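Reader: Hello! Could you take a close look at one part of this protein for me, the open sheet and the packing that goes with it?

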Amino acid sequence: MRVQCKMSTGTATVAVFDPACLQHRLEDTADWWSDEDEELQEINAGNVLFASTHVDGGYAITVDGSAAAESDGGVRALLRCASGRFFVGAGEQVPGEGVLPDTNYGGGTYVEVGAGTYLVVVRH
């Protein structure tokens, strides 16, 4: 899996996750992931990868799940995928306050990958 996409963020953060793996966060506050302990809990569980862009704005990013990604730079994590698709997009699209990711306004895209566990690397 190697996907390039364009997205914009108002939280200076790119997030990659399977919404099914974060379903338990749906009723949390929208910014639950800004709490370092909560964020780290989900990263360590393999539910999400967060990558800071340091600045809000538009980005062209590459998400790489290929074996070659292991030796390249970037932010990496092993991610679980139960539904067969990942959402790649802005941090503000992480499930919370009853809202799931929305691709209608340039905040991200869905990538079909099949169920499994993937080494995901985000570069910008």
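E2 and E3 belong to an open sheet of four strands, ordered E3-E2-E6-E7 and paired in antiparallel fashion. At its edges stand E3 and strand E7 (108–112); each has a single partner strand, so one side of each is left without a neighbour in the sheet. On average, neighbouring strands here are turned by 15° against each other, direction ignored.

Next comes the packing. The largest nonpolar core holds 21 residues, and Val16, Ile61, Phe86 and Val120 have the most contacts inside it. At least two residues of this core come from each of E1 (2–9), E2 (13–17), E3 (48–52), E4 (57–64), E5 (75–81), E6 (85–90) and E8 (116–123). Another core, of nine residues, lies apart from it and includes Leu22, Val48, Phe50 and Phe87.

Finally, a word on confidence. The protein chain has an average pLDDT of 87, with 91% of the residues scoring at least 70. Helix H1 (residues 36–44) has the highest mean, at 96, while E4 has the lowest, at 77. Where pLDDT is low, the predicted coordinates should not be read in detail.

How values were computed: Residues numbered from 1 in each chain as written. Predicted model: local features only at pLDDT ≥ 70, side-chain atom pairs only at ≥ 80, totals over all residues. Heavy atoms only, no water. Core = buried A, V, L, I, M, F, W, Y, C linked by side-chain atoms within 4.5 Å. Buried < 20%, exposed > 50% of the residue type's maximum accessible area, 1.4 Å probe, protein only. Pairing = 2+ DSSP bridges. Axes fitted to C-alpha atoms, helices over the stretch in contact; angles between N-to-C directions. pLDDT = per-residue confidence, 0-100.
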